[in-house]
Amino acid sequence: MTDIKTYGFPEDLIPKEGPALPARVTAVFKGRWQLITPEGQKHAVLKTKEYIYEGGQEFPTAGDYVLALPAPGDWQIVRTLPRKSFFSRLDGWHGTEQAVAANMDLVFAVQSLNENFNLKRLERYLTLGWNSGASPIVLLTKADLPGDHGEMLKAARSISGEAPVFALSSKTGEGMDQLAPYLRPGITAAFLGSSGVGKSSLINAVSGEEIMSVGGIREYDSAGRHTTTHRQLLLLKSGVLVIDTPGMRELGMWDAGEGLSTAFPDVEKFLGKCRFSDCKHESEPGCAVRAAIESGELDPARLESYMQLAGESERSVKSGRARRKFGQPSRALGKSRRQERRQKREIFP
């Protein structure tokens, strides 16, 4: 028997009775989920009735707590349990919400101290990280690269607000001790970042063993070739749980919610103080935001980022509402329907 509480499963969510057993999603594949259950590792599919016909159930992602029915082959997931945190982004290709990770305590926003370093991208990670309900932490990897990284570290801290910022190297071990207070047994930490920033190497360094495959290093930009192909949750020997995700080339804004306020307190403290309630902060008289920029109290680049992310968030929310109103199926729903039709053809040729 496997004690799923060691995988972070809350005791109060464990059912007292019934055929469905508690499980946590440890990996997500195409149309199939890997679970850790009281009976060990199993693979599962979604039960069509609960997730398709009756609807209302959130499609599970890495880290989700679920209830699943045992079966000789693939188990059936019948319910996605309440989430304490949830990180998602806009799927720019399909215009829908894409689940990334769930039920994490920490979100590590990972960038490397080379050409990958990008403040605009970091602002996006912090905004969605705060909105997820977890605590974001900024990790700047490859501190062993030649050169003085002081300016990049200073720039990251200037926009990080309450989120700690650490420069470290998984190759030399520099700065790794700074993570010890955060990585305690039972804690779930999601590692998020672009391809090649060194997430797999970082997880290996945190675990103290080679549990992740790491690609080679390109000489021209010191970037590793990203090797993670699906979202997965791993239990380390230390008792820490980590969620690794494939590199994200783009991080589109889904509903930023309260995350925008937490990530941009320097901007929000001037909002609502303009003479006109519908002020666009451009050339209107009595604009408190423009006055703050002119006095040097507010960085214009921060206002630009805030307005861009707020606009993207608003558009994604409106798009989601429109899809629900007109019954436009999501990509996942459409995929499940195709799978269901294929299965019926196989059973009833």
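In this predicted model, helices α2 and α3 cross in a right-handed sense.

**Packing of α2 and α3**
- Helix α2 covers residues 119-132 and helix α3 covers residues 150-160; their axes are 10 Å apart and meet at an angle of about 35 degrees.
- On the α2 side the contact is made by L119, L122, E123 and L126, and on the α3 side by A155, A156, I159 and S160.
- Sorted by class, six of these residues are nonpolar, one is polar and one is charged.

**Residue S85**
- S85 sits in the loop that runs between β5 (75-80) and β6 (86-91).
- S85 has a relative accessible area of 2%, so it counts as buried, the cut-off being under 20%.
- Leaving out residues up to four places away in sequence, S85 touches A102, N103, M104, S132, G133 and A134.
- A polar atom of the S85 side chain lies 2.6 Å from the backbone oxygen of M104.

**Confidence**
- The protein chain has a mean pLDDT of 85, with 84% of its residues at 70 or more.
- The pLDDT is below 50 over residues 322-333, a stretch with ten contacts in the model beyond near neighbours in sequence.
- Residues 343-349 also have pLDDT below 50, with one contact beyond near neighbours in sequence.
- Where pLDDT is low, predicted coordinates should not be read in detail.

Key. Residues are numbered from 1 along each chain as its sequence is written. This is a predicted model: local features need pLDDT of at least 70, side-chain atom pairs count only at pLDDT 80 or more; totals for chains, interfaces and linings use all residues. Side-chain values use heavy atoms; hydrogens and water are left out. Helices (H or I, at least four residues) and strands (E, at least two) are DSSP runs, numbered from the N terminus. Buried means under 20% relative accessible area, exposed over 50%, partly exposed in between (1.4 Å probe, protein chains only). A polar contact is a pair of N or O atoms within 3.5 Å; within protein, one must be able to donate a hydrogen and the other to accept it, and residues adjacent in sequence count only if both atoms are side-chain atoms. Contact means heavy atoms within 4.5 Å. Axes are lines fitted to C-alpha atoms, for helices over the stretch in contact, and angles run from 0 to 180 degrees between N-to-C directions. A crossing is left-handed if the near helix is turned anticlockwise from the far one by less than a right angle, and right-handed if clockwise. Ala, Val, Leu, Ile, Met, Phe, Trp, Tyr, Cys and Pro count as nonpolar, Asp, Glu, Lys and Arg as charged, and the others, Gly among them, as polar. pLDDT is the predictor's confidence in each residue, from 0 to 100.
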